Amino acid sequence: MIIDCHTHINNYHREDVESLEGCLAELRRHMRRNRIDLALILTSYKVTAGRPSTKSVVVATRDMKDVYVVAGISFLNFHPGDLVEIETFVKEGTVRALKIYPGYEPFYPHDSKFNPVYEFAAKHRIPVMIHSGDTYSRTGKVKFSHPLQVDEVAVDHPGVNFIICHIGNPWIRDCMEVVYKNQNVFADISGLVLGNFSDRFEEYMRKQLQEMLLFGVEPGKVLFGTDWPISSMESYIEFMDDLALPQKEKKKILYENSLRVFRLEDAVEKLEPNGLKNLLM
Ligand SMILES: [Zn+2]
């Protein structure tokens, strides 16, 4: 089994905006081709023609058994009332986590304006994914997206699990420390490359990840995610195949950790009756 905990269906490059249905079909085509059983779709912090709202993605995917939603939350436009709608999606099981975008928006994760977001996450036992590291856009401000900024919020909200996206690349060592130190901090390996890895870069990133595990970050703290369509799924599957790690540990990264952190047990059961039992045997 493979769970991709970090995908998007936004149109980043295209002038002609494809329909939401078209984007979803393309995502699921790539999932099938790469034997990815379940994927989480992260919505943006802004809604535009190419970036559908959380509600529209929830409605479009409600009857699909292989995709679930992570609700993007805007800092600049945040109003605690926004959480009322998200709460209904969390209760029905379509939304499985929240995503915030420091760097893309100018704020630190520990800004008290987001306390209601963390209280919401603690109440519903859902994780908060935090954009970390480089911003894809030149207008981003990376001091806000440094992985060290996650430490403070992790300490102040011990009842919430946080996920540092992109292992904080290029500040991977700082990410290691924050994940190692805090029981409630995890890291996803998504978005390390635009498109396909070159051989040299793949080798470099593999070394970084292996060093992270050597340093003391348990394989139970690392989650498989691609950031598709920014990074290619094919290339990520190859990256995992080439990782020098016992099969038992790879399984943790590929699905066991996501299963636990996002509480996707019911989703696996829906995908295949007795799926969970077979998986854990
Ligand atoms: Zn992403």
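R263 lies in the loop between α9 (247-261) and α10 (265-271). Helices (H or I, at least four residues) and strands (E, at least two) are DSSP runs, numbered from the N terminus. The model is predicted: local features need pLDDT of at least 70 and side-chain atom pairs count only at pLDDT 80 or more, while totals for chains, interfaces and linings use all residues. Residues are numbered from 1 along each chain as its sequence is written.

## Backbone exceptions

Most residues other than glycine have a negative phi, and most peptide bonds are trans. A residue is buried if 20 or more other C-beta atoms lie within 10 Å of its own, exposed if 12 or fewer, and partly exposed in between, with C-beta atoms placed from the backbone. R263 has 16 other C-beta atoms within 10 Å and is therefore partly exposed.

H166 also has a positive phi, near 60°, and is not a glycine. H166 is in the loop between β6 and α6. This residue counts as buried because it has 26 C-beta neighbours inside 10 Å.

P170 is placed in the loop between β6 and α6, and a cis peptide bond joins N169 to P170. A cis bond also joins W228 and P229; P229 is in the loop between β8 and α8 (233-241).

| Cis peptide bond | Omega |
|---|---|
| N169 and P170 | about 10° |
| W228 and P229 | about 10° |

## The chain as a whole

The secondary structure comes to 11 helices and eight strands. Along the principal axes, the C-alpha atoms fill a box of roughly 45 × 40 × 40 Å. The radius of gyration is taken over C-alpha atoms, and the globule rule is 2.2 Å times the number of residues to the power 0.38. For 281 residues, a compact globule would have a radius of gyration near 19 Å, and the 17 Å of the chain agrees with this.

Of the 281 residues, 46% count as buried. Two residues are in contact if their C-beta atoms, placed from the backbone, lie within 7 Å. Among contacts between residues at least 6 apart in sequence, 77% join residues at least 24 apart.

## The sheet

Strands of a sheet pair through backbone hydrogen bonds, either parallel or antiparallel. Two strands pair if DSSP finds at least two bridges between them. Here eight strands form an open sheet with parallel pairing, in the order β1-β2-β3-β4-β5-β6-β7-β8. β1 (3-7) and β8 (222-223) stand at the edges with a single partner strand each, so one side of each has no neighbour in the sheet.

Strand β2 (residues 38-42) pairs with β3 in the parallel sense over four bridges; the bridge partner of L42 in β3 is V70. Strand β5 (residues 128-130) and strand β6 (residues 162-164) run parallel and are joined by three bridges. In β6, I164 is the bridge partner of I130.

In a regular strand the side chains alternate between the two faces of the sheet. On β3 both faces are covered: V67, V69, A71 and I73 are buried on one side, and Y68, V70 and G72 on the other. Seven of the seven residues of β3 are buried.

## The core

A nonpolar core is a set of buried Ala, Val, Leu, Ile, Met, Phe, Trp, Tyr and Cys residues joined through C-beta atoms within 7 Å. The largest one has 85 residues, and L98, V128, F162 and I164 have the most contacts inside it. Strand β3 (residues 67-73) gives the largest share of this core, six residues. Leaving aside neighbours within four places in sequence, L98 is in contact with V70, A71, I73, V117, A121, I126, V128 and M129.

In helix α6 (residues 172-181), the buried residues are I172, D174, C175, M176, V178 and V179. These residues pack against α5 (149-156), β6, β7 (185-188) and α7 (199-215).

Axes are lines fitted to C-alpha atoms, for helices over the stretch in contact, and angles run from 0 to 180 degrees between N-to-C directions. The axes of α6 and α7 are 10 Å apart, and the helices pack at an angle of about 30°. I172, M176 and Y180 of α6 make the contact with Q208, M212 and F215 of α7.

S56 is in helix α2 (residues 54-61). S56 counts as partly exposed because it has 13 C-beta neighbours inside 10 Å. The C-alpha atoms of S56 and R28 are separated by 17 Å, with the two residues 28 apart along the chain.
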